[in-house]
Amino acid sequence: MSFERTQEKLKILADAAKYDVSCASSGSKRSNASKGLGDATGMGICHSYTEDGRCVSLLKILLTNYCIFDCAYCVTRKSNDIKRAAFQVQEVVDLTINFYRRNYIEGLFLSSGIFKSADYTMERLVAVAKKLRLEENFNGYIHLKSIPGASDELMKEAGLYADRLSVNIEIPTKEGLKLLAPEKNREDFIKPMVKVKNEIIQYQSERKIIKSTPKFAPAGQSTQMIIGATGESDQQIMWTSNYFYKKFNLKRVYYSGYIPISYDSRLPQIGTDVPMLRENRLYQTDWLMRFYGFEVHEILNNEHQNLDLDVDPKLGWALRNMEHFPIDVNKADKFMVARIPGLGMKSVYKILQARQFRKLNWDHLKRMGVALNRAKYFLVCDSRDFERRDLTSPQLKSIILQNSTSKYQKILSPQLNLFG
Ligand code: SF4
């Protein structure tokens with residue numbers, strides 16, 4: 001296989017992989033001055049997080065962008081007139097090792113279109129991981145996309161070689177999936193998730209007894225949903241997330257704003273904005289559910305089916321529930337302190353620790369580095385001042401928005417600046 005042909009395949013298959021946000025692309029700029037394989041400039045390098053929270057750069061590619069399916073929202077769908085390519089198993093192994101040796105990457109994120117059948121494709125994904133582990137002695141991070149419909153045996157093998165497995169549920173509702181991908185079935189996504197969840201539990205319990213038991217998908221499993229391709233509400237999206245987190249012990253749900261790619265009348269037309277800010281609000285809500293003790297129904301319910309775009313979901317909740325405020329940081333429990341807008345969990349823990357030794361006032365909070373610009377309207381401490389005074393919720397919102405124009409009007413990138 002010529003160097004140029006491999007380069008061309010890499011370009012096509014790294015470009016096709018960028019629509020999967022399960023590891024957010026960061027566009028590495030590391031280039032290769034010599035003639036060797038592996039100029040990583042724009043060639044599918046992304047960042048992801050390992051089991052222990054380390055940020056690693058990954059080679060993010062598809063094994064192939066041929067696909068027997070025709071999901072309307074997907075650039076790889078069979079009816080799309082695009083350049084196609086397919087790597088052989090050994091080519092992916094060689095590329096990974098090559099990039100790894102040059103320090104471009106610490107691991108591999110490998111997904112694929114479905115060619116021939118789910119098992120045929122999954123077999124090849126597993127073969128890449130197996131060769132890397134057993135023949136190349138590769139100990140870097142491997143994230144494999146599970147192919148819906150693949151056999152239990154292949155899923156089991158995949159988990160023994162990969163650090164993380166993921167199955168994309170793609171569209172948040174069954175109805176939306178039926179509309180855009182009628183050949184697909186929600187059950188096909190669920191089956192591999194159940195298998196992976198059960199294997200993780202089983203291997204973990206066996207390891208407690210027999211230390212030499214291998215690890216099974218130690219970084220767990222994740223999924224991705226496309227946002228804004230169908231008309232679902234944020235309430236429906238977050239209930240779906242909640243269900244998948246709880247039912248399948250997912251590590252992460254990723255939300256990917258739909259990028260209009262076709263003139264299909266079932267989808268937003270080409271030129272429609274990608275819902276970046278909505279995507280960011282969904283990540284913030286996800287964060288509130290996983291780390292701040294919020295339940296979906298508190299933030300999204302029949303009276304409030306979509307997230308506010310002008311304020312983050314914690315501030316939105318506070319403004320709709322002013323009866324809970326002000327919260328006394330010297331007395332309230334962790335759960336309530338965490339609900340003060342503007343306070344991240346780091347600040348919450350600092351407050352809980354410091355108040356064991358003294359009653360906290362504004363000065364203490366400032367010196368501890370607690371960001372008070374928003375929080376000051378929602379808390380009381382050991383001081384007479386109470387910044388909110390008699391402001392109504394709309395007045396308070398308007399003051400906060402005026403004071404933080406740049407923060408709220410900027411279109412934020414996903415997963416960043418969550419509550420800072
Ligand atoms: S099966 Fe996957 S790769 Fe194929 S068209 Fe559907 S979403 Fe795209």
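K397 is partly exposed in this predicted model, with a relative accessible area of 25%. Its salt-bridge partner is D310, and D310 is partly exposed as well, at 31% relative accessibility. The two join distant parts of the chain, 87 residues apart: K397 belongs to helix 15 (residues 393-403), while D310 sits in the loop between helix 9 (296-299) and helix 10 (313-320).

| Pair | N to O distance |
|---|---|
| D163 and R133 | 2.8 Å |
| K397 and D310 | 3.1 Å |
| R367 and D363 | 3.4 Å |

Let us visit the other two pairs. D163 and R133 are both buried. D163 lies in the loop between helix 4 (152-161) and strand 5 (164-166) and R133 in helix 3 (residues 118-135), so their bridge ties together parts that are 30 residues apart in sequence. R367 and D363, by contrast, both belong to helix 13 (residues 362-367), 4 residues apart, which is about one turn of the helix. R367 counts as exposed at 63% relative accessibility, and D363 as partly exposed at 43%.

Salt bridges can also form a network, and one links R5, E8 and K83.

Now for some open space. The second largest pocket has a volume of about 250 Å³. It is lined by 17 residues, and I200, Q204, F216, A217 and P218 are the closest to its centre. Helix 6 (residues 186-209) gives the most to this lining, with 6 residues.

Terms used
Residues numbered from 1 in each chain as written. Predicted model: local features only at pLDDT ≥ 70, side-chain atom pairs only at ≥ 80, totals over all residues. Heavy atoms only, no water. 1 Å grid on protein atoms, 1.4 Å probe; cavity = no way out; pocket = protein on both sides within 12 Å on 5 of 7 lines; lining within 4 Å. Points joined across faces, edges and corners; volume = space filled by probe spheres on them. Salt bridge = Lys/Arg side-chain N within 4 Å of Asp/Glu carboxyl O. Buried < 20%, exposed > 50% of the residue type's maximum accessible area, 1.4 Å probe, protein only.
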